[in-house]
Amino acid sequence: EPFVADEYIERLAWRTPGGGSRGGEAFDPKRLLEEFVNHIQELQVMDERIQRKVEKLEQQCQKEAKEFAKKVQELQKSNQVAFQHFQELDEHISYVATKVCHLGDQLEGVNTPRQRAVEAQKLMKYFNEFLDGELKSDVFTNSEKIKEAADIIQKLHLIAQELPFDRFSDVKSKIASKYHDLECQLIQEFTSAQRRGEISRMREVAAVLLHFKGYSHCVDVYIKQCQEGAFLRNDVFEDAAILCQRVNKQIGEVFSNPETVLAKLIQNIFEVKLQSYVKDQLEEHRKSDAEQYLKNLYDLYTRTTNLSSKLMEFNLGTDKQTFLSKLIKSIFISYLENYLEVEIGYLKSRSAMILQRYYDSKNHQKRSIGTGGIQDLKERIRQRTNLPLGPSIDTHGETFLSQEVVVNLLQETKQAFERCHRLSDPSDLPKNAFRIFSMLVEFLCTEHIDYALETGLAGIPSSDSKNANLYFLDVVHQANTIFHLFDKQFNDHLMPLISSSPKLSECLQKKKDIIEQMEVKLDMGIDTLNCMIGQMKHILAAEQKKTDFKPEDENNVLIQYTNACVKVCSYVRKQVEKIRNSMDGKNVDTVLMELGVRFHRLIYEHLQQYSYSCMGGMLAICDVAEYRKCAKDFKIALVLQLFDTLHALCNLLVVAPDNLKQVCSGEQLANLDKNILHSFVQLRVDYRSARLARHFS
């Protein structure tokens, strides 16, 4: 336990009689002091004894340290001596090894010529047998030693090629004959081993044949046999992939150059099986059915490239990508050379047929439309009063736009873009995609949308027509929807094909021209608003009576607003809703603002035609309030402001003569021309009274 002085003193005092209050004993300081003095002396004696023991142990430790240091020095000297001996031994071993290597080189220098001489002697012996015309050696007569015989005959064949023909023609022919016989036997042995599935024997025979001229024939035999029964299903591409996967490991085990053999197998599959299959599938429809031909071409090319991707996992040499690309090109080159012409021709005839079938279903004979450019259209806008649209035609409510037709055209073009992406050379892809896009523009935008707009413009009735049907807004609505579909295909399918080429700007400009041309024609259709205003005029002329604003019985007016106002507001609300459904974006606000301004002008001029009694003026205010509610549907600030001002002007029809000046100086009328204010005051039946004229002046 750790030593605590205070506790030690306490225990000592507690043990000493008279040192504390234990048992009621009195405290005896003298006795406690005496005990402390004695205890201190004991501690001093103990300290001296312990100190002597410590000094003795220190002396012993110093002695042992000196002995240990001496021993370490002796060990270091022994280690140094051992290291010296080791270096000497290492040098001696290196010397001996050098001598052994030199001796080995000398022995090899003697043994190699000896072995060559022995082998040359054997070859001379075998050559003599061919020279004598009788093969006696066991190596030629024993069929089990065909490997040794092949090695010998291969060497004799090389030697025979160096001999002069005139003296050794007979022996050369015998050696060549034996060479050919052995080669045939080896190939036959390889074929049998392959049929039995003996991989080790196949590997052994292939290794022997490697040095023969017929080695390639051995590879051909293997390729032919491994394909037997491999192409029994309808999917030749899947069969080819499975075959290569199956034999890949076997080729690695049998042949010393597996990548070359596998590449030759794949080349054989492409040039024989696939090429024959592709030709059968395409030539059947090449001249008779362009649609099926293009579908088959796309499908076959896609499946071939997919097969090529699967084969990339095998070891086919250094540049397998180029190797496989050349194989694909060799199959399809004759079909890809004129692919785009077939594509454009099919797209053109198919699109024309889709459009013609639609117009035939409507019993409509297409008429020729104007072919002027954008500048010509803008000039027609500037001369809006004399639009050269030809005679107005009755479309019977038909817009001559069909989403079904549009979807069919876009679907055909989408498939054409997909085929173009797959079948076009990368350098020709943007150019080919642009030609397909031009076909879409021609048939969808020009032959369908543009024709419908022209027909719609020609069908716009004159402004004085009664019960005119404004179908042009339906044309606008459908054209707007169709163009959104066109724009989506432009972004989704054309842009990826041309995004990094100069054709991008050309396509964007072409699209911009199409949009501008259509917007100009839609702007020409703004004359539909004249027809709307004309319809409102007819309603007002037919329904509004002079007695509406100057009733015979001022005290018996039961209506809140006139019948003409109700019908006009109902008509306007329908047209506003139709415009909102037909257009989008800023076009809605632009057209509604134009219609609202014309609507205000019509009501303003209409109110100027009547005289107003006090009660008639109140009814006019009620009518204008209803017109103002209708104007709120436009959601155009300017239109609402115009009707607010018109409502304020109508107050002049009923205000007391004494308050006329105050009303005219109000917030809404203060900035108006005084002649306008005067013209409204003149409409009051009491205007000619001297009092009213005096107050207004």
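Analyst: Before we place any residue, note that helices are DSSP runs of H or I with at least four residues, numbered from the N terminus. The model before you is predicted, and T562 is found in the loop between α18 (528-543) and α19 (563-582).

User: Is T562 buried or exposed?

Analyst: Buried means under 20% relative accessible area. T562 has a relative accessible area of 1%, and therefore counts as buried.

User: Which residues is T562 in contact with, leaving aside its neighbours within four places in sequence?

Analyst: T562 is in contact with Q544, D548, F549, L619 and D623 when those neighbours are left aside. With D623, the side chain of T562 also makes a polar contact of 2.7 Å.

User: How many helices and strands are there in the chain as a whole?

Analyst: The chain has 25 helices and 0 strands. Of its 697 residues, 38% are buried, and the chain exposes about 41200 Å², with carbon and sulfur atoms supplying 51% of that area. When contacts between residues at least 6 apart in sequence are considered, 75% of them join residues at least 24 apart.

User: What does the UniProt annotation say about residues 40-78, and how much of that stretch is helix in the model?

Analyst: An annotation is a record to be set beside the model. The unreviewed UniProt entry carries the annotation "coiled-coil region" for residues 40-78. In the model, this stretch is 100% helix and 0% strand, and the C-alpha atoms at its ends are 57 Å apart.

User: Which residues form a nonpolar patch on the surface?

Analyst: L43, M46, I50 and V54 form this patch, and together they have about 310 Å² of accessible area. One of its members, V54, is placed in helix α2 (residues 29-132). With a relative accessible area of 35%, V54 is partly exposed.

User: Why can charged side chains pair, and how many salt bridges does the structure hold?

Analyst: Side chains of opposite charge can pair when their charged atoms come close. The structure holds 23 salt bridges. In one of them, K264 pairs with D220, and the closest N and O atoms are 3.0 Å apart. This pair links distant parts of the chain, since K264 is in helix α9 (residues 258-283) and D220 is in helix α7 (residues 215-226), 44 residues apart. K264 is partly exposed at 30% relative accessibility, and D220 is also partly exposed, at 35%.

User: Where in the chain are D299 and R303, and by how much are they separated?

Analyst: D299 and R303 are both in helix α10 (residues 290-311), and because they are 4 residues apart there, about one helical turn separates them. Their side chains meet in a salt bridge of 3.4 Å, N to O. D299 is partly exposed, with a relative accessible area of 35%, and R303 is partly exposed at 24%.

User: What does the salt bridge of E626 with R573 tie together?

Analyst: E626 and R573 form a salt bridge in which the closest N and O atoms are 4.0 Å apart. E626 lies in helix α21 (residues 614-632) and R573 in helix α19, so the pair ties together parts that are 53 residues apart in sequence. E626 is buried, with a relative accessible area of 13%, whereas R573 is partly exposed at 31%.

User: Which residues are linked in a network of salt bridges?

Analyst: The network of salt bridges links E189, R196, E198, R201 and E204.

User: How far apart are K329 and Y301 in sequence and in space?

Analyst: Distance along the chain and distance in space are read separately. K329 and Y301 are 28 residues apart in sequence, while their C-alpha atoms are 9.9 Å apart. K329 is found in helix α11 (residues 320-336), and it is exposed, with a relative accessible area of 54%.

User: What is the phi value of N363, and what is that of K635?

Analyst: Phi of N363 is near 55 degrees, a positive value in a residue other than glycine. N363 is placed in the loop between α12 (339-361) and α13 (374-382), and at 74% relative accessibility N363 counts as exposed. For K635, phi is likewise positive and near 55 degrees, again in a residue other than glycine. K635 is in the loop between α21 and α22 (637-650), and at 68% relative accessibility it counts as exposed.

Conventions:
Residues numbered from 1 in each chain as written. Predicted model: local features only at pLDDT ≥ 70, side-chain atom pairs only at ≥ 80, totals over all residues. Heavy atoms only, no water. UniProt positions renumbered as here; feature names shortened; annotations may be inferred. Helix = DSSP H or I, 4+ residues; strand = E, 2+ residues; numbered from the N terminus. Patch = residues over 30% accessible without salt bridge, like charges linked within 9 Å, V, L, I, M, F, W, Y side chains within 5 Å. Areas by Shrake-Rupley, 256 points an atom, 1.4 Å probe, with all protein chains shown as cover. Buried < 20%, exposed > 50% of the residue type's maximum accessible area, 1.4 Å probe, protein only. Polar contact = N/O pair within 3.5 Å; in protein donor to acceptor, adjacent residues only side chain to side chain. Contact = heavy atoms within 4.5 Å.
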